[in-house]
Amino acid sequence: MAVVTHGSFTAAARAEPIVQSALSTSVRNLERELGAELFDRTGRRVILTEAGRALLPSARSVLAGTQAARDAVAALSGLVTGRVRIDRLTGDAPRVARDAGRAAAGRPGGRRPPAG
């Protein structure tokens, strides 16, 4: 999914905690297992093949299921999970960060109530 999102193995490896050679090897292994190439690797950018486009909905579903599983386990320990996406930072960045932290904690004061 990172290669699809970022358009190249280099950009995907940079964005994810993985070196490019390991990412390339993982994709090659998956292609070997599936018996089909997932990417057209001509040029600097990679493009999904027909097989890659067919796999995409299932890949998204697997990743969503994995995140849901992480969230469910984290909820048992009382951890607050999720993602915050900030599209643009302005001069209000410190206030936005403070308010996002408070919102994540579920309280205006930014601290979670004591357990029990």
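Two exercises on side-chain pairs in a predicted model follow, each with a worked solution.

Residues are numbered from 1 along each chain as its sequence is written, and side-chain values use heavy atoms, without hydrogens and water. Local features need pLDDT of at least 70, side-chain atom pairs count only at pLDDT 80 or more, and totals for chains, interfaces and linings use all residues.

**Exercise 1.** Describe the geometry of the aromatic pair formed by Phe 9 and Phe 39.

*Solution.* Rings of Phe, Tyr and Trp (its six-membered ring) pair if their centres lie within 6.5 Å; planes under 30 degrees apart are stacked, over 60 edge-to-face, and the rest tilted. The whole structure holds one aromatic pair. Its members, Phe 9 and Phe 39, lie 5.7 Å apart centre to centre with 70° between the planes, which is edge-to-face. Helices (H or I, at least four residues) and strands (E, at least two) are DSSP runs, numbered from the N terminus.

**Exercise 2.** Identify the salt-bridge partners of Glu 31.

*Solution.* A salt bridge requires a side-chain nitrogen of Lys or Arg within 4 Å of a carboxyl oxygen of Asp or Glu. One partner is Arg 28, at 3.3 Å from N to O. Glu 31 and Arg 28 are three residues apart in helix α3, about one helical turn. Another partner is Arg 41, with the closest N and O atoms 3.0 Å apart. Arg 41 sits in the loop between β1 and β2, so this pair ties together parts 10 residues apart in sequence. Finally, shared partners join Arg 28, Glu 31 and Arg 41 into one network.
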